[in-house]
Amino acid sequence: MEPFRIKAVEPIPFPGPVQRQAALDAAGYNLFRVPSRLITVDLLTDSGTSAMSAAQWSALMSADESYAGARSFERFEAVVRELTGFDEVIPVHQGRAAERILLGAVLQPGEVSISNTHFDTTRAAVEAARAVAVDLPAAAPVSAPVPFGGDIDLDALRRALTGDGGSDVRCVVLTVTNNAGGGQPVSLGNIAAVRQLCRDHGVQLLLDASRFAENAYLITERDLEHAGQHPREVAKAMFALADGCWASLKKDGIGNIGGLIALRNGELARRCREHLIAVEGFPTYGGLAGRDLEALAQGLTEVTDPDYLRYRADAARWFGQRLMEAGLPVLQPTGCHAVYVDAAQLLPHIPPHELPATALANELYLAGAVRTSWLGTLVFGRPNPEGGPDIPAPQELVRFALPRRVYTQTHLQYVAEAAAEVVAKADSVRGYRIVEQAAALRHFTAALQPLNATAPSLPRPRQRTAVKHRQ
Ligand code: F0G
């Protein structure tokens with residue numbers, strides 16, 4: 001059961017079927033564009049959506065809002081140093097700011113960053129530095145279950161470092177846990193082996209530590225050698241193997257905003273701070289209020305509590321079971337921050353360029369005002385430079401993300417019931433076409449048009465027919 005009791009509550013809306021259909025039409029069939037006042041259970045993301053503890057709320061009041069050298073920064077810095085072992089601690093307003101600043105300082109144009117999987121914002125930061133992002137996951141998330149599905153492929157990494165172009169590789173990024181790859185953990189053995197390869201080739205090893213505590217807990221569950229160890233000790237062992245890290249603290253910082261860069265190398269930190277001052281603010285607040293730093297320092301202390309982490313993994317497991325009973329193909333084993341479903345398997349009649357993951361997520365919204373997100377061709381696919389259908393993503397996943405300490409088992413039961421309704425009519429679910437998209441990170445703002453076999457004609461590209469129709 002939840003290892004907390006509830007002290008403050010917030011009502012949730014229950015829009016009816018007609019309202020849900022109208023909201024989806026008006027949003028261009030993109031759930032990012034649906035207002036939260038029309039969502040009953042919001043599993044879009046676990047990012048920035050956590051419920052803070054009583055200790056975090058009380059820390060807000062004792063914050064120091066001084067522009068420079070605030071006491072709240074000193075507390076934040078001390079907590080991050082103790083946890084990571086990195087001396088150089090730089091706050092930023094969220095993860096992608098850390099990525100832009102750090103990867104911009106590490107990578108020169110034409111150089112290469114290799115990862116188990118770059119998250120979408122990470123890839124965007126690599127590409128903004130005019131460098132190349134290469135993903136070498138050891139296992140595709142939809143393949144047979146493995147305990148450490150987040151591991152990087154060591155043989156492929158060795159080949160990349162020793163082959164032609166090996167000297168262009170500047171950093172290896174391990175995303176712990178691997179969000180884009182099913183939320184699976186990276187093993188300590190894998191991190192250690194990468195450490196060795198990086199040392200041999202003079203390449204930096206950086207952790208995207210946004211979900212470091214969940215990765216550490218899953219190591220204690222899945223690696224006998226670390227069974228019974230305190231997750232904080234495992235987390236420290238992970239950080240000890242790296243040269244530095246960044247994190248979105250909207251996840252395992254249990255904060256509503258925030259991020260960090262933490263490094264061993266003082267010279268690299270100096271260059272990051274120079275850029276930070278231009279885009280985020282003075283290095284002791286980095287785009288955050290003193291109260292945010294207090295809440296994050298407290299959150300980083302609470303997040304490695306073994307009771308909390310066990311509840312988190314158990315909740316995901318229980319929810320995964322309920323979705324499976326509802327008939328959804330759930331990726332196994334489940335991790336902590338989300339349950340992933342293979343939309344391609346449920347909707348084999350919808351090809352990738354017709355966005356099966358998006359189609360499934362939209363049906364879940366129509367069934368119960370449940371909001372999920374999709375990690376498929378709309379996010380990771382690319383427009384085909386030669387025209388024709390988009391270059392597809394390797395998987396079509398729907399992610400049911402679990403905000404920290406927000407929803408109870410009953411809320412998740414409700415979602416499973418909505419899922420069963422969608423499964424019952426899976427054969428009749430149709431795909432979508434993109435009618436409006438941005439050049440980068442298109443999924444946040446794209447407008448779509450449902451594909452209807454009986455429609456007399458298809459809309460012209462770049463015309464937002466659905467939205468226009470309602471005006
Ligand atoms: N790295 C990982 C692994 C992430 O999951 C995210 C964000 C970021 C970096 C960027 O951090 O949002 O603070 O700028 N993931 C969110 C999600 C958006 O829904 O998974 P940010």
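**Note on strand pairing and helix packing in the model**

1. Strand β9 (residues 338–342) is joined to β12 by 5 bridges, and the two run antiparallel; two strands are said to pair if DSSP finds at least two bridges between them. Within this pairing, Ala338 stands opposite Ala401 in β12. Helices (H or I, at least four residues) and strands (E, at least two) are DSSP runs, numbered from the N terminus.

2. This is a predicted model, in which local features need pLDDT of at least 70 and side-chain atom pairs count only at pLDDT 80 or more, while totals for chains, interfaces and linings use all residues. Residues are numbered from 1 along each chain as its sequence is written, and side-chain values use heavy atoms, with hydrogens and water left out.

3. Strand β12 is also joined to strand β11 (residues 373–375), by 3 bridges and in an antiparallel sense, and here Trp374 has Val398 of β12 as its bridge partner. Because 5 of the 5 residues of β12 (residues 397–401) are buried, the strand is largely enclosed by the rest of the structure; buried means under 20% relative accessible area, exposed over 50%, and partly exposed in between (1.4 Å probe, protein chains only). Both faces are covered, with Leu397, Arg399 and Ala401 buried on one side and Val398 and Phe400 buried on the other.

4. A separate point concerns the open sheet of 7 strands, which has the order β2-β8-β7-β6-β5-β3-β4 and mixed pairing. At its edges stand β2 (88–92) and β4 (132–135), each with a single partner strand, so one side of each is left without a neighbour in the sheet. The twist averages 20° from one strand to the next.

5. Within that order, strand β6 (residues 204–208) and strand β7 (residues 244–248) run parallel and are joined by 3 bridges, and Leu207 stands opposite Cys245 in β7. Helix α4 (residues 95–106) lies across β2, β5 (169–175), β6, β7 and β8 (259–263), running at about 155° to β7; axes are lines fitted to C-alpha atoms, for helices over the stretch in contact, and angles run from 0 to 180 degrees between N-to-C directions.

6. Helix α3 (residues 71–84) and helix α9 (residues 231–240) pack at an angle of about 80°, with their axes 7 Å apart, which makes α3 roughly perpendicular to α9 (angles under 35 degrees count as roughly parallel, over 145 as roughly antiparallel, 65 to 115 as roughly perpendicular and the rest as oblique). The contact (heavy atoms within 4.5 Å) is made by Val79, Glu82, Leu83 and Thr84 of α3 and by Arg232, Ala235, Lys236 and Phe239 of α9.
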